[in-house]
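Hi there,

Here is the structure I promised to pass on.

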Amino acid sequence: MTQLLYALIGYGVSNRSLCKMLVKMGHRVFVSEAKALSEQDRRDLDEMHVEFEDNGNTECVLKADWIVVSPSVRFDHPVVSKARERTLTDLDVVLNIKKPGFIVAVTGTNGKTTTCHMFEHVLTKLGKRVIVAGNIGNPIASVRDEQLDYLVLEISSFQLFWSKNLPIDVGIILNIEPNHLDWHPSFQHYVESKLKLFTFAGKRFMHESCRRFINERWTDVVSFSTAHLVNEDQVEFRGQTYPLRNGFLKTHQNLQNLSAVLTVLESLGFEPRMVLEALEDFTPPQHRMQLVAIIDGVHFVNDSKSTSAAATIAALQNYQEGNVVLILTGRGKNESYDALVAQIKRKVKHVVVFGEITALITPLLRASNVPFRVVENMEEAVFEAFRRASRGDIVLLSPAAASFDLYANYAERGEHFVRVVESLKEGA
């Protein structure tokens, strides 16, 4: 084996796992972290005899044979831009050393994590060896030594932008709506990053709403439409009616995710009825249209994972007109809120807002004559929303923005919402 020098820019979960793998394989590694490394990270790197720098990325990384970037490293990084031809992701490194199984890769603006877990749930129940990895929080280096039937990958637009060559068997694009425009310089840049998945994939699947983006670039793309609820207990897929016994899958978002899973697995030889039976006990990840409590007839729903306007628009499609009290909060992503405000005007009786998004959204709400109240924090937001709600209404936390102004991540934000609702329930 030829010993190579890898420079890892960023030392988060994925590159930390990759560093250990590369050292174990006998390669040389240099770590470059823009922030201060923890004392534990410093000790670990010293023990592995890995050189490092922190509090900034210098041109020392340019000495490496390969530069591996964390997904958050911007497309216009001043150092990396000088060596784009040698820059890739941990996905490139690991999967081109060893492909652990048949790879199903999922991207899209919304629904990636839930869809990946749906694939995992079904394939596991059908007796297959399957692991979910990638942007989902399980680093790809951790599955290098696994012997799998299927590897399900969640891939973000950031990862796709930096990736060079991924041995993907099936690529799925769930949807494409404006998002991450604080990272991507334009919506078209974001779109092209998503579409890059199809340059790697052997078989290509996308929701019909995305077809306008591809023109004639790929003529073999299989389109799927959102599955249609016939009634409370049945779903229509490709003209056939099947039992649907899982209430979690009946939301607007999950019917789209379900259609992707059914379409792809049918193409791989799995009958739709078999797939739906396997999904009967599937539970989606938390913070996605999660019913927290019913207090005095008011439903409290945690949709903290909705970190873009498009995600909140989709969440509101689940409800009747005028029975939602909506909580908006977080840091915007340089996107337009015009379509969101139009949806709010149709569906929402009152908006409660706090955090950095307040300055962005309140002028639009005011101009559209949407009733709203600005508060200081989550506690005030929940109490105010409950005060505005009537029996049969929905108090929906669907923030339409990232969490980083006040929370470490969307999960911490959602957990705070749950705690406040539970305290409200105790006092009711």
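Let's start with Asp 54, which touches Glu 33, Lys 35, Ala 36, Leu 37 and Arg 42, leaving aside residues up to four places away in sequence (contact means heavy atoms within 4.5 Å). Before going on, note that this is a predicted model: local features need pLDDT of at least 70, side-chain atom pairs count only at pLDDT 80 or more, and totals for chains, interfaces and linings use all residues. Residues are numbered from 1 along each chain as its sequence is written, and side-chain values use heavy atoms, with hydrogens and water left out.

Back to Asp 54: you'll find it in the loop between β3 (51-53) and β4 (66-69). Strands here are DSSP runs of E, at least two residues long, numbered from the N terminus. Is Asp 54 buried or exposed? It's buried, with a relative accessible area of 18%; buried means under 20%, exposed over 50% and partly exposed in between, using a 1.4 Å probe and protein chains only. Its side chain also reaches the backbone nitrogen of Leu 37 at 3.1 Å.

Next up is His 77, in the loop between β4 and β5 (87-88). His 77 is buried too, at 12% relative accessible area. Its side chain makes a polar contact with the side chain of Asn 57 at 3.0 Å, and it reaches the backbone nitrogen of Val 80 at 3.3 Å. A polar contact is a pair of N or O atoms within 3.5 Å; within protein, one must be able to donate a hydrogen and the other to accept it, and residues adjacent in sequence count only if both atoms are side-chain atoms.

Now for some backbone angles. Most residues other than glycine have a negative phi. Asn 215 is not a glycine, yet has a positive phi of about 55 degrees. Where is Asn 215? Look in the loop between β10 (203-207) and β11 (222-224). Asn 215 is exposed, with a relative accessible area of 55%. Arg 238 has a positive phi as well, near 50 degrees, and lies in the loop between β13 (234-237) and β14 (240-243).

Conventions:
Helix = DSSP H or I, 4+ residues; strand = E, 2+ residues; numbered from the N terminus.
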